[in-house]
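Please keep the sequence and the structure in view while reading.

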Amino acid sequence: MNAKQIVETYGTFLAGVALFLFLLGFAPNFASAANLLNVLKQVSFLSILAFGFTFALIASELDLSFANVCSLSAVVIGFLISTEVDWPLAVAAGVTTGIVAGLLNGFLVTVLKVPSLISTLGTASIANGLAFMITGGVAFVGRWDADFLFLGRGKVGVVPVIILFTLAILAAALILSTQTRTGVHIQATGENEEAARRSGINTRGCKVLGLTLSGLAAGLTAVFLVANLSSAAPQMAGDFMLNGIAATLLGMTMFTPAKPNILGSFVGALIIVMLSNGLVLLGAQYYIQDIMLGIIIIASVAVSASVLKRAAFAL
Amino acid sequence: MAPRISATGIHKNYGAVEALRGVSLDVRPGEIHAVCGDNGAGKSTLIKILAGVEQPDRGEIAIDGRAVRFDSPTAALKAGLATIHQDLAVAPDMAIYQNIFMGAELTRSVLGLRLLDKARMRKESLGYMAQLNDSITDMNAKVNALSGGQRQAVAICRALRWNASVVILDEPTAALGVRETEQVLQLVRSLKKAGKTVILISHAMQDVAALADRVTILRTGRNQVTLEGDLSADALAHYILSGDTRH
Ligand SMILES: Nc1ncnc2c1ncn2[C@@H]1O[C@H](COP(=O)(O)OP(=O)(O)OP(=O)(O)O)[C@@H](O)[C@H]1O
Ligand SMILES: [Mg+2]
């Protein structure tokens, strides 16, 4: 590898390390155990959502609905638990909601041929409306089963279970995307759909799968989010939309440059959460975060994202 | 003996364009059958139909005397027909070995999981590639770093890897230099020697004359003539230019 390739492949990652060291040195309280655990918890929610968005993007589809679908799943869980349904069933229903939303997106894209940029916007709006319909506009708070809350707040030793779940999901997503036939079929579909189809790959299935994994990720995140906050409300995952997209796009600037990849999305999520957290600790105004996010999104796409351009302009 | 492949009365329209207006093609087992004709004659359209990439509006296809319908490329591959298309259809941003094994990736079992066997795919890719172009040795290189001729070699390797009994090549030497062209022609001969049936589309009349057992000439979406026996490049060119339908 020459110097240019090293910068292209690891530059963003090294910048993340530098950011971490900077915050350790200069951001008051950043290094405290409580703050670091809080950062990792935020990374958990964000990275699982970003993995889903990444899978859809590997298939060259944009899923702009994942945050609203996550909120809808959360509300479904909250509603069912508030009506005395056993929590495992409520969790299953929440995850299923995400999967169904993903399947719907897949159907819209592959059968009705509505570009994902548009169809997932539609799904996002529908999910948002349904979430408000279920809650009547208020949040579900109140009594939650202790076993359920353990999913979001429990610890094994000193390590929050939510972080263990996230690492397990990271490992599964990494293996699926880089070490299995299904993973390369999704990639081939995203890279050149016609070449993949002529090679006997079920390209429609791959697109549906990519979008469904995004829905699944939204459903899983909803479980952890509700269990962690012990409440469920429409729009509760709203902030994850731009953050999740930014994490994925930032991830495309590392490891396998210009391609969406799971490890990159994970590090991207780490960097974005650290940055937000650090900015608050350093006393920056709240609006700086939004400006920063916008810059990350635009800059990442400018340097790398041929895949994204393909997905967005497949109209 | 039943023809290996028989297409009868194939019609295909693209909107108002009548690409094929009742074309028939019989290919005997183990022969090299060339399909020739001017630009736009319908050769690639016929090949796409045999490969399951496009579906005919009318007409029948039979393999070894049995009627088939290829409603997807997968169906044609399963029936033993592998095709190198004129537009190649490679994924430029993926590695050479990933393109060669696209859709037929090799796996191995690791702790009960079926994971990709990348080392073996790279090794076997190198083997396929050596038959065509031994200057390409890094199977991890992306296809977009290759020349047109080298990409063609990748597309040909992808077809070889299916180990199909019928290999269809749509202008396989179009982008190739002298040496690579000779290697592809050699490969076509060795396919025949291995008992495979070959359909070859080419504008290079001397190649067709040297290789083909029979030649079917298409003209504006119809059969013009099918020729057999000793053929010279000049005679073939005469047929294509004149539209002569006599054998
Ligand atoms: N996808 C398509 N849409 C519209 N018209 C098409 C399409 N594909 C082919 N055609 C038309 O069908 C006719 C036959 O095209 P085809 O590609 O089969 O010719 P060909 O014999 O392979 O020519 P060449 O020697 O240039 O490769 C042409 O008139 C072409 O313009
Ligand atoms: Mg052609």
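## The largest cavity

Strand β6(B) gives the most to the lining of the largest cavity, with four residues; here helices (H or I, at least four residues) and strands (E, at least two) are DSSP runs, numbered from the N terminus. The model is a predicted one, in which local features need pLDDT of at least 70, side-chain atom pairs count only at pLDDT 80 or more, and totals for chains, interfaces and linings use all residues. Residues are numbered from 1 along each chain as its sequence is written, chains are lettered from A and ligands numbered from 1 in the order in which they are written, and side-chain values use heavy atoms, with hydrogens and water left out.

The space in the largest cavity is about 190 Å³, and of the 18 residues that line this cavity, the closest to its centre are A:Arg198, B:Thr83, B:Ile84, B:His85 and B:Arg158. At least two lining residues come from each of α2 (73-78), β6 (81-84) and α5 (148-161) of chain B. By class the lining divides into 13 nonpolar, three polar and two charged residues, where Ala, Val, Leu, Ile, Met, Phe, Trp, Tyr, Cys and Pro count as nonpolar, Asp, Glu, Lys and Arg as charged, and the others, Gly among them, as polar.

## How cavities and pockets are defined

On a 1 Å grid over the protein atoms alone, a cavity is a set of points where a 1.4 Å probe fits but cannot get out, whereas a pocket is an open set with protein on both sides within 12 Å along at least five of seven lines; lining residues have an atom within 4 Å of a point. Grid points are joined across faces, edges and corners, and a volume is the space filled by probe spheres set on the points. By this rule there are three cavities of 30 Å³ or more.

## The second largest cavity

About 70 Å³ of space lies in the second largest cavity, whose lining includes A:Val184 and A:Ala188 from chain A as well as B:Met94, B:Tyr97 and B:Met121 from chain B. Two or more lining residues come from each of α8 of chain A and α3 and α4 of chain B, and the lining divides into seven nonpolar, one polar and two charged residues.

## The largest pocket

The largest pocket holds about 1000 Å³ of space. Of the 35 residues that line this pocket, the closest to its centre are A:Phe255, A:Thr256, A:Pro257, A:Lys259 and B:Lys142. The largest share of the lining, six residues, comes from α8(A), and by class the lining has 16 nonpolar, eleven polar and eight charged residues.

## The contact between the chains

Chain A brings 21 residues to the contact and chain B brings 26, contact meaning heavy atoms within 4.5 Å. The area buried between chain A and chain B is about 2000 Å², of which carbon and sulfur atoms give 55%; buried area is the accessible area (1.4 Å probe) that two parts lose on being put together, summed over both. A:Arg181, A:Arg198 and A:Ser199 supply 33% of the area that chain A buries against chain B, more than any other three residues.
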